[in-house]
Protein chains: 2
Amino acid sequence: MPKRGFPPAEFRARITHLQAAMAQAGESALLLTSQADIFYTTGFLTRFWESPARPWFVIVPASGEPIAVIPSIGADLMGKTWITNIRTWDAPMPGDDGLSLLAETLADTVPETGTIGLPMGLETHLRMPLADYLQLTQTLAPRIFVDATNTVQRTREIKSEAEITKIRNACAVADRTFARIHEFAAEGRTHAEVFRDFQRFLLEEGADWVSYTAGGAGQGGYGDVISPATDQRLMAGDILMLDTGAVLDGYFCDFDRNFAITHADDAAKRAYDQLYSATDHVLATLRPGHKASDVHAMFVASLTSQGATPGGGRLGHGLGITLTEWPSFTPHDQTDLRAGMVLTLEPGVEIAPGLFQVHEENIALRENGPELLSSRAAASLPILR
Amino acid sequence: MPKRGFPPAEFRARITHLQAAMAQAGESALLLTSQADIFYTTGFLTRFWESPARPWFVIVPASGEPIAVIPSIGADLMGKTWITNIRTWDAPMPGDDGLSLLAETLADTVPETGTIGLPMGLETHLRMPLADYLQLTQTLAPRIFVDATNTVQRTREIKSEAEITKIRNACAVADRTFARIHEFAAEGRTHAEVFRDFQRFLLEEGADWVSYTAGGAGQGGYGDVISPATDQRLMAGDILMLDTGAVLDGYFCDFDRNFAITHADDAAKRAYDQLYSATDHVLATLRPGHKASDVHAMFVASLTSQGATPGGGRLGHGLGITLTEWPSFTPHDQTDLRAGMVLTLEPGVEIAPGLFQVHEENIALRENGPELLSSRAAASLPILR
């Protein structure tokens with residue numbers, strides 16, 4: 001079993017990077033409210049975020065260590081992290097659910113002429129009641145809140161070697177599970193049984209928990225990939241796709257695998273080969289200095305040159321503390337791709353109107369190109385007999 | 001296997017209730033952004049919310065059916081619900097991630113003199129980028145946004161019989177799993193093994209997925225209940241507590257069970273008896289018309305009369321579409337308890353400083369008092385030999 005957590009030096013390095021970005025953006029402090037941002041800066045790892053009852057806050061000052069302003073129920077666990085400045089209140093508290101404590105802490109940390117950075121942009125949410133935030137902006141005036149999406153995302157998107165190892169370990173859990181596909185997927189089993197067993201096997205293979213599974217199955221391909229499983233049975237000629245975000249020590253994998261049930265038609269096999277080849281093309285071509293939109297273009301070029309119709313939507317994205325992170329491989333995302341990013345390559349082919357096949361691999365982008373974190377999919381469509 | 005989903009009449013009734021509350025509050029429309037509120041109004045059920053990449057919107061007009069404004073990747077699944085008015089965009093789209101489509105739809109739905117209700121209060125989050133919301137308020141002026149927490153919470157907190165059945169079914173999954181405790185918890189097994197197997201068995205017993213497990217184990221009791229499991233081994237004299245939010249058809253259970261490993265000291269047995277008795281007291285006493293704070297007082301009175309020190313924090317809460325819902329059984333929460341609410345009774349005892357035992361049951365509040373949805377815990381502390 002790989003060692004859990006990170007040494008304090010990892011968190012100090014993260015904070016140093018954040019504070020450098022904050023200085024450049026002119027932010028006097030960061031206010032973080034999301035599970036991911038708080039885990040990133042503190043190492044505070046719990047499934048308790050599943051309860052929407054309580055807000056949690058971490059303040060990153062311009063210099064020095066972060067300050068946690070949290071419900072007292074979390075004091076014990078936060079006390080086990082590298083964070084030493086922990087302020088608590090008894091949540092939930094109608095009327096003042098930590099707000100005065102947060103305002104006081106921010107007022108102590110940020111001069112009246114200062115600005116408070118808060119992620120407000122694409123792929124961010126404010127995980128506190130909106131009314132409390134609006135009141136906070138009044139209380140803290142003339143301090144102003146500014147959008148710190150860039151500060152946080154440009155920092156978090158470059159993974160340390162320790163983080164890449166965590167994601168590689170999560171990928172290995174899914175690799176081992178997919179290798180056991182014969183134990184739980186076969187003609188006649190219901191989609192619900194297969195999806196449920198997929199989660200059980202992910203746990204058996206070492207996942208701490210399984211935050212995400214998705215999939216699809218149908219004759220020659222599948223329609224949508226976000227629906228829950230039904231009691232429909234796998235049939236001969238179905239293409240089964242299983243996709244997972246299994247979590248190990250706070251880090252996700254996110255990749256899928258396709259399988260044919262007893263046999264596959266030529267169109268499904270051809271789609272598989274086209275997707276495999278398009279992924280090979282990107283694996284060979286992608287380098288730091290490309291933009292997110294370039295990866296989309298690489299996939300589209302490879303697929304169309306093979307006579308395939310590329311699937312719509314994004315063809316991959318960032319990966320790490322959440323199932324999906326920015327950037328998105330769409331024609332519209334101009335994010336610079338840099339060494340140290342962990343990304344998914346997720347091309348899709350539309351075999352016929354509404355009938356898709358989607359492949360996915362996880363990579364770390366290195367100076368000399370992609371390093372696979374998932375074990376490369378089989379070179380031709382696996383048949384489950 | 002119980003039937004999945006709800007008939008359209010269920011959703012129509014929900015919308016009728018919401019629209020009545022909106023009329024009373026003077027809201028011309030509701031803007032809903034959270035997984036729970038969108039599932040409640042539409043039946044749109046997917047684990048895809050795990051990806052923070054895309055916002056999703058549902059508008060409930062003053063009369064008529066809801067309108068979904070969603071990423072195109074969700075069109076197929078939303079099309080299978082009772083919702084017919086579905087507007088989509090290709091997300092994620094930097095610069096305009098559904099915002100102009102949302103603004104246009106709201107402008108069509110709400111007159112310039114109207115107000116748009118949005119949950120902004122305790123236990124709510126805005127699940128869209130804050131910068132987009134702030135821009136939306138400008139675009140839609142002179143329409144104003146108001147806090148619709150009360151509108152949504154007073155409606156959602158009264159469960160239909162169909163909803164209560166769903167929660168009862170989720171509780172039954174955990175009941176069956178706890179009954180198999182001997183198969184996965186024993187002296188010498190690590191906490192991590194037990195927590196992992198607990199999830200596997202929940203899946204075996206029919207959970208669609210396991211969004212939450214927590215627990216604690218230690219000599220005579222445990223310290224905190226939100227930490228992930230460690231590789232520490234269960235020892236003779238440990239009290240093991242396992243708690244779960246397993247999900248079936250979109251509804252949660254949330255209750256725990258305590259077990260002694262080979263034997264228990266008298267203090268642990270006494271705490272168990274006190275908690276059991278305090279829960280009996282509330283089961284016998286609680287009626288519609290009480291306030292949330294009254295339940296806290298009932299627990300405290302029962303526990304102190306038995307010579308126990310009540311645990312801090314809240315002693316129960318609402319339950320349903322999320323692991324925890326309002327209200328909270330604290331001295332501060334004045335929410336009226338009404339028939340049709342589903343609630344957890346969760347008293348704790350502090351056996352010694354930092355050493356706790358916590359019990360939990362799930363109930364539906366009926367006109368004549370609580371109906372247990374979880375099978376009542378064993379009357380005395382179960383010993384695992």
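In which crossing, left-handed or right-handed, does α9(B) pass α10(B)? The model examined here is predicted, with local features requiring pLDDT of at least 70 and side-chain atom pairs counting only at pLDDT 80 or more, whereas totals for chains, interfaces and linings use all residues. Residues are numbered from 1 along each chain as its sequence is written, chains are lettered from A, and side-chain values use heavy atoms, without hydrogens or water.

Helix α9 (residues 266–285) and helix α10 (residues 292–305) of chain B, as DSSP runs (H or I, at least four residues), pack at an angle of about 135 degrees with their axes 9 Å apart, the axes being lines fitted to C-alpha atoms over the stretch in contact and the angles running from 0 to 180 degrees between N-to-C directions. The two helices are therefore oblique to each other, a class left over once angles under 35 degrees (roughly parallel), over 145 (roughly antiparallel) and 65 to 115 (roughly perpendicular) are assigned. The crossing of α9(B) with α10(B) is right-handed, the near helix being turned clockwise from the far one by less than a right angle.

Between the chains, helix α8 (residues 191–204) of chain A packs with helix α8 (residues 191–204) of chain B at about 165 degrees, their axes 9 Å apart, which makes α8(A) roughly antiparallel to α8(B). In contact (heavy atoms within 4.5 Å), R196(A), Q199(A), R200(A), L203(A) and E204(A) meet R196(B), Q199(B), R200(B), L203(B) and E204(B).
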